[in-house]
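Here is a short report on one protein model. It looks at charged pairs and then at nonpolar cores.

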Amino acid sequence: MAKNAPPRWDRKMQQRLSRGEAAALGEMYDRFAALVHSQANRMLDDEDTADLVTREVFGHVWENPDAYDPKQGSMRSWLAHLTLRASVRRLRDRADADADDPDDPEELEERVRRATAAARADYIVASMPAPLRAALELAYVQRRDYRQTATDLGVTEDEARRRLRLGLQLLSTAHTRPLEGAPPPGYGRAL
């Protein structure tokens with residue numbers, strides 16, 4: 001997982017993109033392309049379509065750098081939201097194209113629901129503060145218990161448990177939170 005970009009970096013990156021610096025887009029792509037692609041691929045379960053979404057998201061950033069508002073959140077969370085919107089649109093387009101196949105509309109609806117919940121979870125993880133993300137990554141990706149997580153993070157065991165509990169509470173909203181309510185207002189409207 002990429003580290004949480006500091007707000008100063010976010011503002012400078014937006015300024016560079018607004019000036020049309022191609023190197024800025026390359027730097028942003030290097031930093032966040034894996035996040036965008038993995039989120040899209042997780043939702044769409046299609047590597048080629050995830051590639052298209054990744055290009056679409058970074059194309060949108062290049063064409064609309066002023067759509068990002070550092071006051072609304074980090075650039076990382078903005079990109080995660082743009083990815084979510086583009087992926088959901090692709091899923092809906094795919095569902096509309098498959099609507100002629102009356103075999104399993106319930107299965108298709110269930111797949112869209114699961115993919116949307118997974119994307120919300122990805123968005124929540126991308127948007128949460130770096131200390132919570134780090135604790136969750138250590139505990140659930142690297143399979144460390146809370147004591148090892150505390151040691152790795154250099155915090156007390158109580159603090160590690162608190163971070164894990166809060167991170168899990170945030171993630172638990174992925175299945176209950178409405179999609180339109182997830183992102184900050186105004187993010188990615190054009191995408």
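## A charged network

Arg-19 counts as exposed, at 57% relative accessibility. (Exposed means over 50% relative accessible area, buried under 20%, partly exposed in between, with a 1.4 Å probe and protein chains only.) This is a predicted model: local features need pLDDT of at least 70, side-chain atom pairs count only at pLDDT 80 or more, and totals for chains, interfaces and linings use all residues. Residues are numbered from 1 along each chain as its sequence is written, and side-chain values use heavy atoms, leaving out hydrogens and water.

The side chain of Arg-19 meets that of Glu-21 in a salt bridge (2.8 Å, N to O). Such a bridge puts a side-chain nitrogen of Lys or Arg within 4 Å of a carboxyl oxygen of Asp or Glu. Glu-21 is partly exposed, at 27%.

## Bridges between helices

Arg-90 and Glu-56 also form a salt bridge (2.9 Å, N to O). Arg-90 sits in helix α4 and Glu-56 in helix α3, so the pair ties together parts 34 residues apart in sequence. Helices are DSSP runs (H or I, at least four residues), numbered from the N terminus. Elsewhere, salt bridges with shared partners join Arg-16, Arg-19, Glu-21 and Glu-27 into one network. In total, the structure holds 10 salt bridges.

## The nonpolar cores

The largest nonpolar core has 32 residues. Such a core is a set of buried Ala, Val, Leu, Ile, Met, Phe, Trp, Tyr and Cys residues joined through side-chain atoms within 4.5 Å. Met-28, Phe-58 and Val-61 are among the members that touch the most others. Helix α2 gives the most to this core: 10 residues. A second, separate core has 9 residues, including Ile-124 and Leu-164.

Conventions:
Helices (H or I, at least four residues) and strands (E, at least two) are DSSP runs, numbered from the N terminus.
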